[in-house]
Every structure is written in C-alpha cells, then in structure tokens.
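Subject: Structure handover

Hello,

Here is the structure for you to look through. My notes on what was found in it follow below.

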Amino acid sequence: MSTEANSSPTKKKSSGKTTQGSVSNPTTTQTLLSYGVNPYEPKKGEEYMSKAQLEHFRKLLNIWKKALLEGGDETIHDLKELAEVPADVSDQATLEETFALRLRARDREHKLINKIDESIKLIDNGEYGFCEECGIEIGIRRLEARPTATLCIDCKTLAEVREKQGR
Ligand SMILES: [Zn+2]
C-alpha cells in the first residue's frame, strides 16, 4: 500500500528528484485506479445507477474518504512535529507559512470529506448520479473522474462561466 501524499504540492524534498513532470496533479481517476478500483463496465441494457453501479460508487467514495482521512492524520502528525521544533525568530515566519499552508490543505480535505459524505447520502436515497440542476444523468465516466459531482457537464460548465463573470 502506498502512503504517498499526492495532495501536497508544497512538499519538496531536497534529496534530488524534483522532476516529477506530469505527476504533479494526478486526476481523481488515476487516484481511484491506484486504489485498485477498476472503471465500471455496465452490462448490456443495464439500467443507469443500477444497484451494482451504486455499490461501485459507494465503494469508490468510501475508499477515497478513507485515504483522505489517513492523509489527514499525517498532516496532524506533521503539525505536531513542527510545533516541537525550537525555532529562532527568522524561522518563525516560514514556520507560520508552513502551518498556514498545511491548515489550508486540511481545510480542503475536510470540505472534500463532507462532499463525499453527501454523495454517500445520495446513494442511500437513490438520488446519486443525476444532475441536481437539470435532472439528467451525470454519466458513469464523469462520476468516476469526480465521484462527488452533482452537476452534469453542461450545468457545471455554465456554473463555472457564471463564477468567472463574478456572478
Ligand atoms: Zn445538468
């Protein structure tokens, strides 16, 4: 099992290899595949969001959540370690920066975990996989890339455009 924290872009080890190229921003699909979950292949004529599909996504979401929680533990551990370092005044600034960065990363993780919980609730209610805006199927592949998606690609794109225009 790999315990690599691939969500910490600020982590730079001075011991060589910093040329990781495309690894810097792994997609969720890659992440999920690395957890040993294969893309879902629906059977012929299989209903969208069949029981099997819902279980597939429940599994994905649970594995993802578990990985995030484990990553979170690591962050807490790091923070403790940092706090124990006796720092002189000049180090204090970088220490605080590091704290802030870590805490922000943790905040993002917490939000993501909340979204994952919401998605699991949707599975329980049988509402998972449909766009909350227009009601169409979000699609298996899109959900595998982003299991917490609640909008279809069209509504998502629209929402992003609106956001860019400053509402
Ligand atoms: Zn939609």
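The protein chain is built from five helices and has zero strands. Reading along the sequence gives the pattern α-α-α-α-α. Please keep in mind that this is a predicted model, so the confidence scores come next.

Confidence

Averaged over the protein chain, pLDDT is 78, and 68% of the residues score at least 70. Among the elements, helix 5 has the highest mean pLDDT, 95, while helix 1 (residues 28–34) has the lowest, 60. Over residues 1–26 the pLDDT stays under 50. For that stretch the model has ten contacts beyond four places in sequence.

Burial and the core

How much of the chain is buried? Of its 167 residues, 11% count as buried. The largest nonpolar core has 13 residues. Those with the most contacts inside this core are Phe57, Leu60, Leu61, Trp64, Ile138, Leu143 and Ala149. Helix 2 (residues 51–84) gives the most to the core, namely five residues.

Once its neighbours within four places in sequence are left aside, Leu143 is in contact with Phe57, Gly129, Ile138 and Ala149. For the chain as a whole, take the contacts with a separation of 6 or more: residues 24 or more positions apart account for 60% of them.

The loop between helix 1 and helix 2

Met49 is found in the loop between helix 1 and helix 2. Its phi is near 60°, which is a positive value in a residue other than glycine. Is Met49 buried or exposed? Met49 counts as buried because it has 20 C-beta neighbours inside 10 Å, and 20 is the number at which a residue is called buried.

Gly36 is found in the loop between helix 1 and helix 2 as well. Gly36 is exposed, because 8 other C-beta atoms lie within 10 Å. In sequence Gly36 and Ile63 are 27 residues apart, and their C-alpha atoms are 9.6 Å apart in space.

Helix 3

His110 lies in helix 3, which covers residues 89–125. With 12 C-beta neighbours inside 10 Å, His110 counts as exposed, since the cut-off for exposed is 12 or fewer. His110 and Leu68 are 42 residues apart in sequence, with a C-alpha to C-alpha distance of 8.6 Å.

Helix 5

Helix 5 (residues 153–164) has twelve residues. From its first C-alpha to its last it reaches 16 Å, close to the 16 Å expected at 1.5 Å a residue. Why does helix 5 lie largely in the open? The number of buried residues among its twelve is zero, so helix 5 lies largely in the open.

Ile153 lies in this helix. Ile153 is partly exposed, because it has 13 other C-beta atoms within 10 Å. That count falls between the cut-offs, which are 12 or fewer for exposed and 20 or more for buried. Ile153 and Gly139 are 14 residues apart along the chain, and their C-alpha atoms are separated by 9.2 Å. After helix 5 comes Gly166, whose phi is positive, near 70°.

When you open the model, you could start with Leu143 and its contacts, which include Phe57 and Ala149. Then go on to helix 5, the element with the highest mean pLDDT.

Regards

Note on methods
Residues numbered from 1 in each chain as written. Predicted model: local features only at pLDDT ≥ 70, side-chain atom pairs only at ≥ 80, totals over all residues. Core = buried A, V, L, I, M, F, W, Y, C linked by C-beta atoms within 7 Å. Helix = DSSP H or I, 4+ residues; strand = E, 2+ residues; numbered from the N terminus. Contact = placed C-beta atoms within 7 Å. Expected span 1.5 Å × (residues − 1). pLDDT = per-residue confidence, 0-100.
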